[in-house]
Amino acid sequence: MTQAISIFDTTLRDGTQGEGISLSADDKLKIAQKLDELGVHYIEGGNPGSNSKDIEFFQRVQKLGLNAKITAFGSTRRKNSLAEQDTSLIRIAESGVQAATLVGKSWDFHVHTALGTTLEENLSMIYDSIAFLKQRGLEAIFDSEHFFDGFKNNPDYALAVLKRAQEAGADWLVMCDTNGGTMPGEISEIVRRVRSEISAPLGIHTHNDCELAVANTLAAVQAGATQVQGTINGYGERCGNANLCSILPSLELKLGYSAVGPEKLRMLTSTARYISEIANVSMPVGQPYVGNAAFAHKGGIHVSAILKDSKTYEHIEPELIGNKQRILVSELAGQSNVISKAQELGLDVNSNNENTKAIMERIKDLEHQGYQFEAADASLELLLRDAFGGLEEVFAVESFKILLEKTSHGMVTEAIVKLRVGSETVYTAAEGNGPVNALDNALRKALLPFYPRINDIHLADYKVRVLDEKDATAAKVRVLIESSDFSSSWNTVGVSGNVIEASWEALLDSIRYALLGMDRMESGGSDDVIRLRSGVVNH
């Protein structure tokens, strides 16, 4: 029988302790719903008494009817006090949650230094606090903080901590590598020792300070832990927590455990990218399993091989976790890359096609100028469709003009654009916060009467890179723009010695790419053209 592993997500609590991550109550509720759809078993929402956002979250989450157990977080009672009078414990009990996680010290060094109390009083704090929660009908999860450091320093006391929590009725005993400095071999050896002396179910909670959080988690599971605590995308304090986006597929596809199941696992990539958008943190392009480049192939030899059998350069089928294979086209790529990419778009192309040779030379020339198509799939798709006759002109730019004025109230930027849409000429102006924003506003204003759904599109990211610093202010720049409509995102590129022209080029590609898809969908176009919108990998 397949061993079941309980998944405990702490993105909304431990994840928010990561630098640059701040979630509103609405954000946390959206993420909780997404995590529930993914099939995690526990969702730790925060501390009901720590701040107004967490208080609001616990009040509102009960109305969502989630399948996952919403879990509150807190500490054991204060030293030399009563659990029944501890404000934090009372708030947890009154928060309406089904389960609660209490953190307590298991490293004797921390008991003396951080808590400033005796080893026996710390054991009493743990026992009393867990017993308090059990008396009120809550599932109690005990997070044994700094457990592995504590075990290496004083194994008898670390085990005594777990045993006291077990005596109090704890449903789960979770061993924490709080400083993230333990090696996988140590984790495995210690968990096996604990498993031989503790009867309660064990969990594992690791941090990534040595970039071993995932490896340590898997080692603990193989040694007997049956609950895994972690965060989506590995968000967390310092170097982050164990990344559930790597742990889940590794458990199910590599080690044969049951966590969320194969159907839910197919939602992993979209979940990771959705939460990345809500948290406003860009995902690393090379993030394992769910990253945009996780199944991307650039070298001609690699591409030639995967066209014959994807197993030659892919360790799993990307569709199993909701990702997709990508063929990158660049100056380093061979004909196989171009042919594969074009065929993916439904274009009729083969190695003997003169257009194939011509577009290869065109791509190499453009990348020599500074373009980078492996980071701009949408611009590449437009380029290929234009080369192979699959691109229709949605609008044409006749001219644009930018006016800058310094006033007593600050800098005012106005953009004026003249477009041709079908047989109509459109001339419009708009102000913006800088020239690129003004151009974006003017372009949208001109196209909105023809394409009302353009309001769904927003600029998600904007990057400028100087290509040759020795030319100083006269240097060429590359502009990469990421655009999104909240269900998908796409990237475009522009290059010029003028940053406005480069930005304008990337902006036009972004809008053209989106509008071509809208035009086909609204006129009942074919599936291969509709893919202009739906086929781009989310970021």
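**Barrel, sheet and surface**

Reply: Start with the barrel. Eight strands close up in the order β1-β2-β3-β4-β5-β6-β7-β8, and their pairing is parallel. From one strand to the next, the twist averages 25 degrees. Keep in mind that this is a predicted model.

Me: How do you know that β6 and β7 pair?

Reply: Count the bridges. Two strands pair if there are at least two bridges between them. Strand β6 (residues 172–177) and strand β7 (residues 202–206) have five bridges, in the parallel sense. Five meets the cut-off of at least two, so the two strands count as paired. For one example, look at Val174, whose bridge partner in β7 is Gly203.

Me: Why is Ile43 called buried?

Reply: Set its value against the cut-off. Buried means under 20% relative accessible area. Ile43 has 0% relative accessibility, so Ile43 counts as buried. The residue lies in strand β2 (residues 42–46).

Me: What does Ile43 touch, leaving out residues up to four places away in sequence?

Reply: Its contacts include Asp9, Leu12, Ala32, Leu35 and Asp36. Leu66, Ala68, Lys69, Ile70 and Thr71 are also among them. Now take Thr10. Ile43 and Thr10 are 33 residues apart in sequence, but 6.2 Å apart in space, C-alpha to C-alpha.

Me: What makes Asn216 a buried residue?

Reply: The rule is under 20% relative accessible area. Asn216 stands at 0%, so Asn216 counts as buried too. Its place is in helix α9 (residues 213–223). Beyond its neighbours within four places in sequence, Asn216 is in contact with Asp177, Thr182, Met183, Pro184, Ile187 and Thr206.

Me: What share of the chain is buried?

Reply: Buried residues make up 54% of the 539 residues. The chain has 19 helices and 16 strands. The chain exposes about 23100 Å², and carbon and sulfur atoms supply 47% of that area. Contacts can also be sorted by separation. Among those between residues at least 6 apart in sequence, 66% join residues at least 24 apart.

Me: Let us move to the open sheet. Which strands does it hold, and in what order?

Reply: Three strands, in the order β11-β12-β13, with antiparallel pairing. Why do β11 (396–407) and β13 (424–432) stand at the edges? Each has a single partner strand, so one side of each is left without a neighbour in the sheet. Direction ignored, neighbouring strands here are turned by 15 degrees against each other on average.

Me: How do you know that β12 pairs with both β11 and β13?

Reply: Use the same test, at least two bridges. Eleven bridges join β11 to strand β12 (residues 410–421). Nine bridges join β12 and β13. Both counts meet the cut-off, so β12 pairs with each of them. Both pairs run antiparallel.

Me: Which residues stand opposite each other there?

Reply: Ser399 has Lys418 in β12 as its bridge partner. Leu403 stands opposite Glu414 in β12. On the β13 side, Lys418 stands opposite Tyr427.

Me: How many residues lie between the strands of each hairpin?

Reply: Two residues lie between β11 and β12. There are also two between β12 and β13, and in that hairpin Gly422 takes a positive phi near 65 degrees.

Me: Last label. Why is Tyr462 called partly exposed, and not buried or exposed?

Reply: Buried means under 20%, exposed means over 50%, and partly exposed is in between. Tyr462 has a relative accessible area of 30%, so it is partly exposed. Tyr462 sits in strand β14. Together with Leu459, Val464 and Val499, Tyr462 makes a nonpolar surface patch of about 280 Å². Strand β14 (residues 458–466) gives the most to this patch, with three residues.

Key: Residues numbered from 1 in each chain as written. Predicted model: local features only at pLDDT ≥ 70, side-chain atom pairs only at ≥ 80, totals over all residues. Heavy atoms only, no water. Patch = residues over 30% accessible without salt bridge, like charges linked within 9 Å, V, L, I, M, F, W, Y side chains within 5 Å. Areas by Shrake-Rupley, 256 points an atom, 1.4 Å probe, with all protein chains shown as cover. Salt bridge = Lys/Arg side-chain N within 4 Å of Asp/Glu carboxyl O. Helix = DSSP H or I, 4+ residues; strand = E, 2+ residues; numbered from the N terminus. Buried < 20%, exposed > 50% of the residue type's maximum accessible area, 1.4 Å probe, protein only. Axes fitted to C-alpha atoms, helices over the stretch in contact; angles between N-to-C directions. Contact = heavy atoms within 4.5 Å.
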